[in-house]
Amino acid sequence: QVQLVESGGGLVQAGGSLRLSCAASGRTFGSYAMGWFRQAPGKEREFVAAISRSGGYTKYADSVKGRFTISRDNVKNIVYLQMTSLKPEDTAIYYCAADFVGYESSWLRSGENTYDYWGQGNQVTVSS
């Protein structure tokens, strides 16, 4: 199985930047597409971004397109979420998740129930 640990969250000012990291344990990291989700208090968890197992394809929610960038390092077993031009609406707990897939594919899932493993979450707070 894959164990995921998020880090890098914190408090930032609106318009600022922050990079989240998700470190994965195990030797099969390259067999998983990776996704980022977030959940604000009182709201449903929502899809943010996803990246294919070899990093060739990405997908973003409309709310973060042009501001967030997902990337991965399959040598270090880390997936990143670089966030820029942050808004107060981005305040949430951010989760990374792993989705086992058989090959490099442009078909990236956005549904929570398609992901096999989840991290514990990391808080991001954006002040005005």
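1. The structure holds 1 disulfide, a term used here for a pair of cysteine sulfur atoms within 2.5 Å. It joins Cys22 to Cys96, with an S to S distance of 1.9 Å. In general, a disulfide is a covalent bond between the sulfur atoms of two cysteines. This is a predicted model, in which local features need pLDDT of at least 70 and side-chain atom pairs count only at pLDDT 80 or more, while totals for chains, interfaces and linings use all residues. Residues are numbered from 1 along each chain as its sequence is written, and side-chain values use heavy atoms, with hydrogens and water left out.

2. The torsion about the S-S bond of Cys22 and Cys96 is about 50°, so this disulfide is right-handed. Because Cys22 lies in strand 3 (residues 18-24) and Cys96 in strand 9 (residues 92-100), the pair ties together parts that are 74 residues apart in sequence. Strands (E, at least two residues) are DSSP runs numbered from the N terminus.

3. Are the two cysteines buried or exposed? Cys22 counts as buried because its relative accessibility is 0%, and Cys96 counts as buried at 0% relative accessibility. Buried means under 20% relative accessible area, exposed means over 50%, and partly exposed lies in between (1.4 Å probe, protein chains only).

4. The largest nonpolar core has 38 residues, of which Met34, Trp36, Leu81, Met83 and Tyr94 touch the most other members. Among the elements that give two or more residues to this core are strand 3, strand 4 (32-39), strand 8 (78-83) and strand 9. A nonpolar core is a set of buried Ala, Val, Leu, Ile, Met, Phe, Trp, Tyr and Cys residues joined through side-chain atoms within 4.5 Å.

5. The structure also holds 6 aromatic pairs, and one of them is formed by Tyr32 and Tyr117, which are edge-to-face at 6.0 Å centre to centre, with 65° between the planes. Rings of Phe, Tyr and Trp (its six-membered ring) pair if their centres lie within 6.5 Å, and planes under 30 degrees apart count as stacked, over 60 as edge-to-face and the rest as tilted. Tyr32 is in strand 4 and Tyr117 in strand 10 (residues 117-118), 85 residues apart. Tyr32 is buried, with a relative accessible area of 8%, whereas Tyr117 is partly exposed at 25%.

6. Ring pairs link Phe37, Phe47, Tyr115 and Trp118 into a cluster. The charged end of Arg45 sits over the ring of Trp118, 4.0 Å from its centre, and that of Lys59 sits over the ring of Phe47, 5.7 Å from its centre. A charge sits over a ring if NZ of Lys or CZ of Arg is within 6 Å of the ring centre and within 35 degrees of the ring normal.

Key: Helix = DSSP H or I, 4+ residues; strand = E, 2+ residues; numbered from the N terminus.
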